[in-house]
Amino acid sequence: ESILDSIRYCGAQRLGHGVRLVESEDLLQYVVDQRIVIESCVTSNLQTKAVESLDKHPIRRFFDAGIIVVPCTDNPTVSGVCLSSEYDLLQRNFGFNLEEMVRMIDHGFSAAFLESHLKKRLRADAMLEVFTLLREAGYNTSRIVHALSHSYERFWVEDVFDMNPSNPYWEGYTNPPLTEDIVRLIPKADVNIRLDGSVSIEHAWAEAQEVRLDMESILGRPCSSLEELKSIVFTD
C-alpha cells in the first residue's frame with residue numbers, strides 16, 4: 001500500500017527497497033511498464049529483516065520481470081558494505097551473469113538524479129571504462145555492446161566501444177564470473193550518484209565544480225583544489 005501511495009500521490013519515479021512489491025503482480029507490472037526504478041539494498045534488507053533470508057530477496061525476480069534494478073548500499077557505514085561488495089554478493093548468490101551485471105551498472109548511471117547533460121557524459125565515460133577493463137581482462141563484450149548501443153544515442157561511438165572483440169570466441173561461449181578485482185575496479189553508481197570504482201578523481205572534481213558541490217559538507221574539511229582533494233583522498 002505504501003508503494004502504491006508513493007506512486008499515486010507523489011509521482012515516485014524510483015522506489016527505495018520495494019521488497020513487498022512482489023505481493024501484487026498488478027503493481028509489479030505497473031512498475032515495469034512505467035519504467036520506475038527500484039533501489040535494491042540487499043544487505044540492508046537482510047540486516048533490517050525486511051526479508052527473512054538472502055534467498056528470499058526479490059532482486060532476481062525484479063530483474064527478470066524487466067524492472068530497472070539499481071543495486072544500492074542504503075547506508076554503507078551502518079551496513080558495512082560498498083557497491084563493490086553488493087555487486088559481488090549479487091553475482092555469487094543470485095546467479096547474475098556478466099551481461100546482467102553490466103546492465104545493472106548502466107542502470108545506476110542512467111537512473112541517477114542528475115541533470116541530463118551531466119548524466120549522459122558521466123554514463124558514457126563510465127561505460128567506456130567498464131568495457132575497457134572487461135576487454136583487457138579477456139571478457140567477451142560484443143553482446144553487451146550491441147545490447148546497450150541503442151541507449152547511447154548520438155554520443156555512442158563504435159570505434160571507441162569496439163564491436164569486435166580481439167579474442168576469438170566460439171558459438172555458445174559463456175563469460176566466466178567477474179573476479180573480485182574486476183568488480184572492485186569497475187565504475188559503479190547508485191541512483192544518488194554515490195560513486196564507487198574507477199571514475200577518475202579528475203572527472204569527479206570537474207563534475208563537482210560544475211554543479212558547485214559543497215566539498216566541505218562531504219569531506220568534513222575545506223577543499224578548494226584538485227590537488228587538495230587528491231591529498232585528502234590518497235592519505236585518509
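Trainee: Where is E129 found?

Mentor: E129 is found in helix α8. Helices are DSSP runs of H or I with at least four residues, strands are runs of E with at least two, and both are numbered from the N terminus. This is a predicted model: local features need pLDDT of at least 70, side-chain atom pairs count only at pLDDT 80 or more, and totals for chains, interfaces and linings use all residues. Residues are numbered from 1 along each chain as its sequence is written, and side-chain values use heavy atoms, with hydrogens and water left out.

Trainee: Why does E129 count as partly exposed?

Mentor: Set the value against the cut-offs. Buried means under 20% relative accessible area, exposed means over 50%, and partly exposed is in between (1.4 Å probe, protein chains only). E129 has 28%, so the residue is partly exposed.

Trainee: How far apart are E129 and I186 in sequence and in space?

Mentor: They are 57 residues apart in sequence. In space, their C-alpha atoms are 7.2 Å apart.

Trainee: Why is S84 called buried?

Mentor: S84 has a relative accessible area of 9%, so the residue is buried. S84 lies in helix α6.

Trainee: How do you know that the span of helix α7 agrees with its 13 residues?

Mentor: The expected span is 1.5 Å times one less than the number of residues. Helix α7, residues 98-110, should therefore span 18 Å, and its end C-alpha atoms are 18 Å apart.

Trainee: What makes α7 mostly covered?

Mentor: In α7, 10 of its 13 residues are buried. Among them are L98, M101, I105 and F109. At the start of α7, a side-chain oxygen of N97 comes within 3.2 Å of the backbone nitrogen of E99.

Trainee: What is the order of strands in the open sheet?

Mentor: The order is β1-β2-β3, with parallel pairing. β1 (14-16) and β3 (68-71) are edge strands because each has a single partner, so one side of each lacks a neighbour in the sheet. On average, neighbouring strands are turned by 25° against each other, direction ignored.

Trainee: How do you know that β1 and β2 pair?

Mentor: Two strands pair if DSSP finds at least two bridges between them. β1 and β2 (residues 37-40) have three bridges, in the parallel sense. G16 has E39 as its bridge partner in β2. β2 and β3 also run parallel, joined by four bridges. There, V37 is partnered by I68 of β3.

Trainee: What makes both faces of β3 covered?

Mentor: I68 and V70 on one side are buried, and V69 and P71 on the other are buried too. In β2, V37 and E39 point one way, I38 and S40 the other, and all are buried.

Trainee: Which residues touch the most other members of the largest nonpolar core?

Mentor: L21, I67, L134 and L178, out of 41 residues. A nonpolar core is a set of buried Ala, Val, Leu, Ile, Met, Phe, Trp, Tyr and Cys residues joined through side-chain atoms within 4.5 Å. The largest share of this core, seven residues, comes from α8.

Trainee: Why is K49 called exposed?

Mentor: K49 has a relative accessible area of 71%, so K49 is exposed. K49 lies in the loop between α3 (42-47) and α4. Its phi is near 65°, a positive value in a residue other than glycine. Most residues other than glycine have a negative phi.

Trainee: And where is the place of R35?

Mentor: R35 sits in the loop between α2 and β2. With 52% relative accessible area, R35 is exposed. Phi of R35 is near 60°, again a positive value in a residue other than glycine.

Conventions
Polar contact = N/O pair within 3.5 Å; in protein donor to acceptor, adjacent residues only side chain to side chain. Axes fitted to C-alpha atoms, helices over the stretch in contact; angles between N-to-C directions.
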